[in-house]
Amino acid sequence: PQRSGFAETSSSRRVLASSKGKILSMDIQTYNVSPLMLSRADGMLGNLVSAGGKLIASSMLGVCTYLSFDTAIADLDRKIKAAPANKRGELMIRRASLAFDAKRYDLALEVLLEGRKTAADANAPELAHQLRPLLYRTYVALGNHAEKPEQMLQLFRSAEAEASTDQEKAHMTLRLAKCLEKCGRYAEAATAMQELIDKYAAEDLVDVEIGAKADDGVRFNENRKTLPARRIATQHIDRLIETYGRSCYAAFDAKAEADLAAARAGGDAAKILAVHDRWPNSSFADDSLFYAAEAEYLKASADPNADSASVQAGISSARRHLDEVFRTPDSPLRASAGAALAVIYTRRQWRTLAHNMVEHLKQFDGQSEVSFADIRGKLSDVLKQIETGKPDRDLPPVVELAAIRPPLVPKFTFKDDWASILTDQEH
């Protein structure tokens, strides 16, 4: 690095040299060189002078003074005592920020709490408002550096009380969930993750770490990877269930079961599907998708206008839900979902899709019972009916989507006397 000045400190017999974004310190006796990092990389350096506990850098740009932490704190303390009441709040914030940047989090909290008392005594709501985000980040930092999980939890609870924006509240809920797991309180951890789904599903979050490896900052720039809160929570709940068993999510399984039974009794596909949307980790999430698909299919099949947009939308939605169930390896409804798709494909005369699904289903247990809408029986019997072209009922009218409509007009001609025409039987 380019060096532009030197200073010799007489007390410790060290030579200081300015460098880019840092100061190099060399012990005269051992010649060991170590960097002294600046709090900001754009700090001005130049010719260095060490005097009175201060490091002064001068260059063509001007003069800049670097203070030790103790010196800077002492200077601020003197200014706070001498300042009028209406100026103390700003100085206290500077003092707290200095302590935070130096990772003296206990001191930062002490100053901030003193500042809150000052704001209350002076009836200064603006100062109180300024202190809140600083208290939030300080409690988070203290929690991450706590020695025991229960201490971390207590400090995170304090940070939660200071969170003001949806981003802060959502990230704090995520931290609390992870901390509760560390405390061995798995059901409470699952509850906190479920709260992310219920309250903050649309928020894009950083999957924050907790503990010593965590970033002390609570503001995240565009370079940090984010994911929807719903996805983060769903993945963490899956891991909790896999690691500690379904008992940690039992309360939500019970709610999902009750809501699904009520929704199925009413036959409303949207209400049936809402169970999956609200509790995607429940043991009844697949049931919700499957029975929503069944309700949509029955409604579309009963519509005499087979080519209406609503019928097409209903069939398409049912197919999507069934396909999701079929692609879930551990779903007990997988065979029924596959059989339902095979029958729908056959009845809609989508022969290639029907054939592929039948071949896939032949790998399943043929004696397993399947059920969907008007389809009932053993899987092997349903597959035989499909292969013989008799899937239990007459085919409904197939929608003909004409891509060519008369009258026809010439658009281009071929120079040669032949042409290859490629067609897609599904369309």
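Start by selecting Phe290, Tyr291, Tyr297 and Phe372: together these residues make up one aromatic cluster. Keep in mind as you look around that this is a predicted model.

Across the structure there are eight aromatic pairs. Now colour by secondary structure. Tyr297 belongs to helix H11 (residues 285-302) and Phe372 to strand S10 (residues 369-372), so this pair ties together parts that are 75 residues apart in sequence.

Next, select Phe326 and Phe364. Here you will find a stacked aromatic pair, 6.0 Å centre to centre with 20° between the planes. This pair also links distant parts of the chain, 38 residues apart: Phe326 is in helix H12 (residues 309-326), while Phe364 is in the loop between helix H14 (351-361) and S10. Both Phe326 and Phe364 are buried.

Now for charges over rings. The charged end of Arg264 sits over the Tyr291 ring, 3.5 Å from its centre.

For the last stop, select Arg137 and Phe100. Which ring does the charged end of Arg137 sit over? That ring is the one of Phe100, and the charged end lies 3.9 Å from the ring's centre.

Notes
Residues numbered from 1 in each chain as written. Predicted model: local features only at pLDDT ≥ 70, side-chain atom pairs only at ≥ 80, totals over all residues. Heavy atoms only, no water. Phe/Tyr/Trp six-rings, centres within 6.5 Å; stacked < 30°, edge-to-face > 60°. Helix = DSSP H or I, 4+ residues; strand = E, 2+ residues; numbered from the N terminus. Buried < 20%, exposed > 50% of the residue type's maximum accessible area, 1.4 Å probe, protein only. Lys NZ or Arg CZ within 6 Å of the ring centre and 35° of its normal.
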